[in-house]
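Trainee: Could you take me through this structure, one term at a time?
Mentor: Gladly. Look at it first, then we start with a definition.
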Amino acid sequence: MNNAGNIYDTILNMSYSYFSETKATPDSIREFIEMMKRAYGNDYIDEDLLFNKIEASHSIVIGKETFLDDNTDHENWFNPATNTGIKREIPWHFWDHYKGYLTSIKGWPPNIVDSIDSMSSEILSRIEDPQKSGTWDRRGMVMGSVQSGKTANYTALITKAADAGYKLFIVMAGVHNSLRSQTQSRINEEFLGYDLDKVEKLTGGEKPIGVRQRYNNHKTVYTLTSSNEKGDFKTTIANQIGIFPSNDAPPIVLVVKKHTTILENVLRWCKTGDNHGGNNFTSEIPVFIIDDECDYASVNTKKPKINPDTGRPVEEWDPTKTNRLIRELLSLFDKSIYLGYTATPYANIFIHKDHTHEKYGEDIFPKSFIMNLPKPSNYLGAEDVFGLKADSKRNIEEIEALPLTRPVEDHSHIIPDKHKITQVIETLPESMKKAIKSFLLSCAARSIRKQGPPHNSMLIHVTRYTGVQTNVYQLVEKELRNLAARIMSGEELSDFRDIWEKDYLPTTRKMKELGFNEAVEHSWEEIEDKLYQTTRVIKIKLINGSAKDSLEYRDTELEVRNKIQNEEVVPWEEKGLNIIAIGGDKLSRGLTLEGLTVSYYLRTSEMYDTLMQMGRWFGYRDGFSDLCRIYTTNNLLSWYRHIASATRELREEIDYMSYLNETPTNFGLKVRSHSSLMVTSAAKSRNAKKIKLSYSGKISETIVFDKKHLKNNMQALHELIKEMGRPFENEFDEKRPRYQWKKVPSAIVIDFLHRYKINEGAMRFVKPAVLANYIKEQNKNEELIEWDVVLVSKYGEGTSFKVLDYEINPGIRAATNISENSITIGRLVNPPDEHSDLSEDEMKIAEQLFESNKDKIKTLQIAVRHVRPERRGLLIIYIIKGECTETRQNYGGNGEEVVSFGISFPTSQNASPVEYVVNSVWMDEENNFE
């Protein structure tokens, strides 16, 4: 009982095994706490605090990842469902140690560790077996969210790949020493178990850290880089040490910057071979390259010179140097894996998949697979922080932002949005002074709660210029000294109390209403009592290229662990690093600010990816989300809200492609544009095009169906038929059997669309509610006010059934995929069915239009949409069944028939388009689809 604060962590760890067999409900958690109180005594346990810790830990929900796969020349060698090799046993060692480290040392909940296990195994199954002979090359990309745990994902993957037999890992960690150093520290703790920098300085052998502290039988892993900011790869040191990859030697991991000199050093080392006869190891050893922040520095930004005869880049064309060196490194090895990680993949989706260089090979397009990581329920992302605006064009409902942002409106005369490198700042804006006070209050409240990581960080990012950052640093240091002096002297703190009672307490109550149960109210007296302890340990760090400061989170954690092992009492306030970090570019790419509570951010950018990466405030805030604050401008708040919407749509597109079993080379995607912002830099989006899209002159059709909605959609059809009444009396054509209704009011069609339900992942071409909203908008212009509705029945003999009073012979559509929950087909609408509503005269006009404009109007169906009057739409309904051509699985029949529909819209001059930036594949795909 020497350190009462550690009891909560001990009990939390005990809860994992207890609730593995008992469902975590409020009642069962209370029962568990009563057991712990009997064991440890009431004096040591705050029941409400412990309840919140346990409930938060056991209520995290993680969705399912999605993939785009191309298994060309790939051999299935690992089964992610069983975590076993298919033809050989894989003895887990590094993975087991990493898993144990996460649960027992870092205290991660089992469901989070299980999720990391599952997702890393899915990726492992998509790379190649390291024992596979011959020449092979796999390239993939993993899309996460900013500050969502991508490093944990690829560390797990590295440990499993090492257990499987990979011997050389090259982790490219950004372009700054600070990020490379931070990544190396993680790898040291979680894979190596030592720090080469510390080994060089110590005598008497290496000092174990991380996994090696937890497991004294941890196997050897070599590295030629260290956590020192200057510990990047150097050829001279590597050759002196004399370590080279070998199938008989321990694995080697290098953590390097994406810097041309460093990459040239690595290339030179790889070409050196080993010290035994100069044999080149690159033909025998597969290289596994992990490219962290793969959208940054890695993407080729040079416009290729194309040979007009072959359509391919000429040999003299030289990609940007970093991109070239990565490709050269990959081409050096006969067996290679390239895996990029990013939260902002905009630049990557615009890489032209066909730009293959004669000398450097293919560009780093993720041709083999693309993975979309899910967001855990406890992750705070852009949608949560900034909310989403309602959008009838995409069926997005208004999502209210969490009450954590505070508009900054007093900075422009002190720190102008656009300023020069010589800008002098003479005083801090009052909003920044308030933000600093807020940080001190948040630290005090966290000291009471003792939840989440013990670190506390504040971000101040107002300028790109290091000289101006130094100016801000000096003013912040002066302000903190003044505040600390007031707090230490016992002076009245009415300004602090005002912020606490008028800002913090109302915010905590609101967050509690929104379901954040860790949002616990504290009285001003409790906060004031803690301010003295927390303020005295706060440091200010200047994080830029000209400063020597660094973020020493890992060193602090190791020091605290050693103290606790020696049975020293460590107060909560001293368990973590408490800092105000002031900087610019070095804080905006990959660098993690642990326990970030308060952000003061003014730095503008014109690009989606840059703005999102600068948002260090996204991530996990378990136990203190209501204590977080973001001080920024109204303009930036609006921009982030737009980017959140565009990113959500992009992820929906990827999920949709996954449902269709598409490959990455068919990665036809679009990103919603903005009038004032660019999706990514002009150089990175050289292969992209800006287009305007609407439903005008388009056809939308359902091709993915959720099995649980089949009965609902049949009922929706019944209701539609009842509302329409008897069909149009015309001569029945046995070769084109159908029932047709004319002049159906748009309200009836809109009601049908609202009743029809579709798979959430299948919303690329068809969102029924969005189609309904489009029709409503066009109705205002006297368009789409009447409809032809056609219910199609298949020609010929077959098993028929009745839909109300109408005999239907279901159509046959081959499924491209049938899963446990969904059915996916290729195309639905039979092209001639789009002519169903046209009169003979209208049809003649459409044919003439097509014949005379084939260079612009590519199909007769497009001509039909041009001829159809703007006031009329066509709804075509099919009832289908079939089988998957690959698996021979059947669908439809026996009361499970699939109701599907297509809508053919006339061309409109009044349709309101939405502007997107699209990649080349999307353009090809759209042309083919029309």
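Mentor: A crossing is right-handed if the near helix is turned clockwise from the far one by less than a right angle, and left-handed if anticlockwise. Helices (H or I, at least four residues) and strands (E, at least two) are DSSP runs, numbered from the N terminus. The model is predicted: local features need pLDDT of at least 70, side-chain atom pairs count only at pLDDT 80 or more, and totals for chains, interfaces and linings use all residues. Residues are numbered from 1 along each chain as its sequence is written, and side-chain values use heavy atoms, with hydrogens and water left out.

Trainee: How many helices and strands does the protein chain have?
Mentor: The protein chain has 27 helices and 35 strands.

Trainee: Why are helix 1 and helix 3 called oblique to each other?
Mentor: Angles under 35 degrees count as roughly parallel, over 145 as roughly antiparallel, 65 to 115 as roughly perpendicular and the rest as oblique. Axes are lines fitted to C-alpha atoms, for helices over the stretch in contact, and angles run from 0 to 180 degrees between N-to-C directions. Helix 1 (residues 7-18) and helix 3 (residues 47-58) cross at roughly 40°, their axes coming within 10 Å. Helix 1 and helix 3 are therefore oblique. Helix 1 passes helix 3 in a right-handed crossing.

Trainee: Which residues meet there, helix 1 with helix 3?
Mentor: Contact means heavy atoms within 4.5 Å. From helix 1, the residues include Tyr 8, Ile 11 and Leu 12. From helix 3, they include Leu 49, Lys 53 and Ile 54. The residues of this contact divide into seven nonpolar, three polar and two charged. Ala, Val, Leu, Ile, Met, Phe, Trp, Tyr, Cys and Pro count as nonpolar, Asp, Glu, Lys and Arg as charged, and the others, Gly among them, as polar.

Trainee: What makes helix 2 oblique to helix 3?
Mentor: Helix 2 (residues 26-40) packs on helix 3 at about 125°, with the axes 10 Å apart. That angle makes helix 2 oblique to helix 3. Helix 2 also passes helix 3 in a right-handed crossing. The residues of this contact divide into seven nonpolar, no polar and six charged.

Trainee: How do you know whether Ser 148 is buried or exposed?
Mentor: Buried means under 20% relative accessible area, exposed over 50%, partly exposed in between (1.4 Å probe, protein chains only). Ser 148 has 16%, so Ser 148 is buried. Ser 148 lies in the loop between strand 4 (136-143) and helix 6 (150-164). Leaving aside neighbours within four places in sequence, Ser 148 is in contact with Tyr 379 and Tyr 620.
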